Amino acid sequence: MSTPQDTTRRTRVRIEPSARRVRTYLGGHLVADTVRPSLVWESPYYPTYYVPVDDVRAELVKEGAGRRSPSKGDSTLYTVRVNGVEASGAALRYEESPVEELRGLVRLEWDAMDAWFEEDEEVFVHPRSPYTRVDVLPSSRHVRVEVDGVVVAESNAPRLLFETGLPTRYYLPKAHVRLDLLEPSETVTHCPYKGTARYWSVRAGDRLHEDLVWSYPTPLPESRGVDGLVAFYDEKVDVYVDGVLQERPKTSF
């Protein structure tokens, strides 16, 4: 049997208004354009955009019942249809939610859309959290990176990237990296705070360590301090800072 305290905990949803203009597109056609988006935390790490139904320019065609949320209630799934292009199950509404603020909003599935913009800047992966900060600071610490005992990089001029919730990343000038040990990878990833990253694998001895190194050739404004520098997955290499071996962080990477 649930207690009143349990019920209150289940129905507590973190929702915050955002002042940013948010637009999203499907097949090159505008789906939604709003200056009244809401940030809804469905994950503890980053929010999701919900937009007012009145600001959706596409047709929403009801499909049926969607998933039930202990905190948000029962949902309804919709197909998004615009100018002959459609995405099934790409919209979700909690029209009778116990959380009143959600009833007039719709969640457009991020990956079902072709592009998202905050103001006039395209955003990748997920909305940016107002509580995540990225700081890039120059440093004179001595950083040495080894892979299987082979020194792959060594620098007295790293830049340290501090990102909320993630371990410190050491970005090093390419001139301080054994580029002859790096092999280009086809891997590309996107970060809503840093931009698009390109990867290299490291060949140490007879073994190829895939996708250990990355760089942001054209980082977003808040991360311009790492422009053209390279970083290693500290989770998979040995990093010495001022001669002290660092403990490998435990992350999803």
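**Strands and pockets in a predicted model**

The protein has one helix and 22 strands, where helices (H or I, at least four residues) and strands (E, at least two) are DSSP runs, numbered from the N terminus. This is a predicted model, in which local features need pLDDT of at least 70 and side-chain atom pairs count only at pLDDT 80 or more, while totals for chains, interfaces and linings use all residues. Residues are numbered from 1 along each chain as its sequence is written, and side-chain values use heavy atoms, with hydrogens and water left out.

Student: Why is strand β18 called mostly covered?

Tutor: A residue is buried when its relative accessible area is under 20%, exposed when it is over 50%, and partly exposed in between (1.4 Å probe, protein chains only). In β18, which holds residues 195–204, eight of the 10 residues are buried, so the strand is described as mostly covered. For the protein, buried residues make up 47% of the 253 residues.

Student: What makes a space in the protein a pocket rather than a cavity?

Tutor: On a 1 Å grid over the protein atoms alone, a cavity is a set of points where a 1.4 Å probe fits but cannot get out, whereas a pocket is an open set with protein on both sides within 12 Å along at least five of seven lines. The largest pocket is lined by 43 residues, and nearest its centre lie Tyr-46, His-126, Glu-163, Leu-166 and Tyr-193; a lining residue has an atom within 4 Å of a point.

Student: Which element gives the largest share of that lining?

Tutor: Strand β17 does, with three residues.

Student: How does the lining of the largest pocket divide by residue type?

Tutor: Ala, Val, Leu, Ile, Met, Phe, Trp, Tyr, Cys and Pro count as nonpolar, Asp, Glu, Lys and Arg as charged, and the others, Gly among them, as polar. By that rule the lining holds 24 nonpolar, 11 polar and eight charged residues.
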